Amino acid sequence: MISFLILIAGLTLLVFAGDYLVKGAVALAEKLGISPLVIGLTIVAFGTSAPELFVSLKAAFNNVHGIALGNVVGSNIANVLLVLGAPALIKPIACKEEGIGFSLAIMAVLTVVFMVMLGTGILTHLDGLVLLGILAIFLAWQYASARKDRANPVIGDYHDEIDEVPTQNSRIAAYLLFGMIGLPIGASLTVNGAVDIARIFGVSDTVIGLTIVAIGTSLPELVTSVMAAWRGKGAVAIGNVIGSNIFNIGAIVGITSLLHPLVVPAHIAFFDMWIMAAVTLLVIVLAMFTRPISRLGGCIMLVLFTSYVCLVL
């Protein structure tokens, strides 16, 4: 019970600390006169991935590579089946995102490259540089596209993800301080709790990373998508999922493996990465053919996700 409480406390702290850090950083950037485009491309995009990044880094340096990689692979699976499935129950999601073709291509390339790397059995510093390089190409393209069409930017309007930011300097400082202190503490609690649970129940840390940790670190994306659907902006959800999956591989795996080589658990190499590939293909099909996700489709996706979790456990 104590281990579960530690894990829950860690995940909760990660979610709130990540949210406060993003809001504080956005407020500071606005005070400094940084353009909304740059804020959306950098602070918001990287900040919303902060929980996953800190967990993977902490796990990697603790040599718990199953959690470091399972967190990313499991999050990408959860992002599609859970984060798209849940809001579809509220209102059907129309997959009509303009200028999404290149994003889909980058997601597909990153997924394939990541799978090849996983197949080698170890992710090295060079692998991290390659992933970060692909991510840099994606960000450069988004920046150029948004500047070209300022009236209808591909990215930069971050207000769908952030409701309000502090305006007083003291509150901005408090938000930033809480985020910077809370994230590493939350990551430490999460990893320690997950490892203890794995030992108690006799399962691998990879399984815990793929399920409990992955779902927990995907909560910000889930909340954003559910609230967007509630406000009648469900189409935002698929763009968020594609962006999150790109950052999970490009930024989180890229940075983590650049700083610390990662040994690939057999479970991920022989099973879970193929599930990740399948759900990635599902997103591409839904986006390319603009097929709306109905309530029935949402139910099916949630059933598939529940079945995956049960199968892994």
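The largest nonpolar core has 86 residues; such a core is a set of buried Ala, Val, Leu, Ile, Met, Phe, Trp, Tyr and Cys residues joined through side-chain atoms within 4.5 Å. Helix α11 (residues 235-259) gives the largest share of this core, ten residues. L84, F114, L123 and V283 have the most contacts inside the core. Residues up to four places away in sequence aside, L84 touches N79, I93, A237, I238, V241, V283, I293 and M301, contact being heavy atoms within 4.5 Å.

This is a predicted model, in which local features need pLDDT of at least 70 and side-chain atom pairs count only at pLDDT 80 or more, while totals for chains, interfaces and linings use all residues. Residues are numbered from 1 along each chain as its sequence is written, and side-chain values use heavy atoms, with hydrogens and water left out.

I turn to helix α8. Its 33 residues, 169-201, reach 47 Å from first C-alpha to last, close to the 48 Å expected at 1.5 Å a residue. At G182, shortly before the proline P184, α8 has a kink of about 25°, the angle between axes fitted to the seven residues ending there and the seven starting there. Just after α8, G202 takes a positive phi of about 70°.

Finally, T111 lies in helix α6 (residues 101-119). Why does T111 count as buried? Because its relative accessibility is 5%, and buried means under 20% relative accessible area with a 1.4 Å probe, protein chains only. Beyond its neighbours within four places in sequence, T111 is in contact with I249, M276, A277 and T280. A polar atom of the T111 side chain lies 2.7 Å from the backbone oxygen of M107.

Terms used: Buried < 20%, exposed > 50% of the residue type's maximum accessible area, 1.4 Å probe, protein only. Helix = DSSP H or I, 4+ residues; strand = E, 2+ residues; numbered from the N terminus. Expected span 1.5 Å × (residues − 1). Polar contact = N/O pair within 3.5 Å; in protein donor to acceptor, adjacent residues only side chain to side chain.
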